[in-house]
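Subject: Structure handover and notes

Dear colleague,

I am passing on the structure below, and my notes on the ligand site and on one helix pair follow it. Please read them alongside the model.

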Amino acid sequence: MANYIVGLTGGIGSGKTAVSDAFAALGVTVVDADVVSREVVEPGRPALAAIVEHFGADITTADGHLDRAALRQVIFADASEKQWLEQLLHPLIGEETLHQLAAADSPYALLVSPLLTETGQQQLCQRVLVVDAPEALQLQRTMTRDNNSREQVERIIASQSSRQQRLASADDVLNNDGDLAELREKVAQLHQTYLQLAAQAHD
Ligand code: ATP
């Protein structure tokens, strides 16, 4: 297990991926909860077999991958099916996350999760970094990236924890209100801090 884990969180389109890519470029092992949650349902993994057994073969695409849109529809329409799915996946995601953190080969590791504080993953972390951006920028960047309407993105922002709630759990805040060069500069500074903290934790 990496002996020092920094949790990274932030609202939709705040820049979590852009920030974690910058840490990865500095050699930091990045474990991304969104990536892990897709990996556990890849073809050949036991979770996909359980999902097919439960929902039927129509829940997969022609090439044997999970049909996420179909699954979303089923669980959106039926809260008990949503619960069934969460009970199956949450422990597997937790296990896989620990497995990847254990394999980290950098002085500290980054655990990226939009729901870091909501899911208890924060307990795995020695430090929490919140990526923060003014809501107007969050909206604009997400609309451009996903080709979504303003209403769609506003609805997602409203469904997530508030900025205040997130900032309350932060040890560090990265204000992602500039360009990507500025972001990389801020990441480089935080990297120095985390290297020091990880070295002290090791003593
Ligand atoms: P989500 O919660 O939806 O996964 P996220 O927090 O990972 O989003 P990113 O995907 O990193 O956010 O950023 C949203 C979009 O904004 C991306 O297209 C990204 O390239 C862009 N972006 C992020 N930060 C900056 C920046 N400082 N300057 C310009 N573009 C940026």
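In these notes Ala, Val, Leu, Ile, Met, Phe, Trp, Tyr, Cys and Pro count as nonpolar, Asp, Glu, Lys and Arg as charged, and the others, Gly among them, as polar. By that division, the shell around the ligand holds 3 nonpolar, 7 polar and 4 charged residues. The model is predicted, so local features need pLDDT of at least 70 and side-chain atom pairs count only at pLDDT 80 or more, whereas totals for chains, interfaces and linings use all residues. Residues are numbered from 1 along each chain as its sequence is written, and side-chain values use heavy atoms, with hydrogens and water left out.

Of the 14 residues around the ligand (a heavy atom within 4 Å), those that come nearest are Lys-16, Thr-17, Ala-18, Arg-145 and Asn-176. Oxygen atoms of the ligand take part in polar contacts (N or O atoms within 3.5 Å): one lies 2.7 Å from a side-chain N or O atom of Arg-145, one lies 2.8 Å from a side-chain N or O atom of Thr-17, and one lies 2.8 Å from a polar backbone atom of Ala-18. The protein covers 76% of the 630 Å² of accessible area (Shrake-Rupley, 1.4 Å probe) that the ligand has on its own. Among the helices (DSSP runs of H or I, at least four residues), α1 gives the most to the shell, with 3 residues.

Elsewhere, helix α4 (residues 68–77) packs against helix α5 (residues 79–102) at about 120 degrees, with axes, fitted to C-alpha atoms over the stretch in contact, 5 Å apart. Angles run from 0 to 180 degrees between N-to-C directions; because those under 35 count as roughly parallel, over 145 as roughly antiparallel, 65 to 115 as roughly perpendicular and the rest as oblique, α4 is oblique to α5.

Best regards

Technical notes:
Polar contact = N/O pair within 3.5 Å; in protein donor to acceptor, adjacent residues only side chain to side chain. Helix = DSSP H or I, 4+ residues; strand = E, 2+ residues; numbered from the N terminus.
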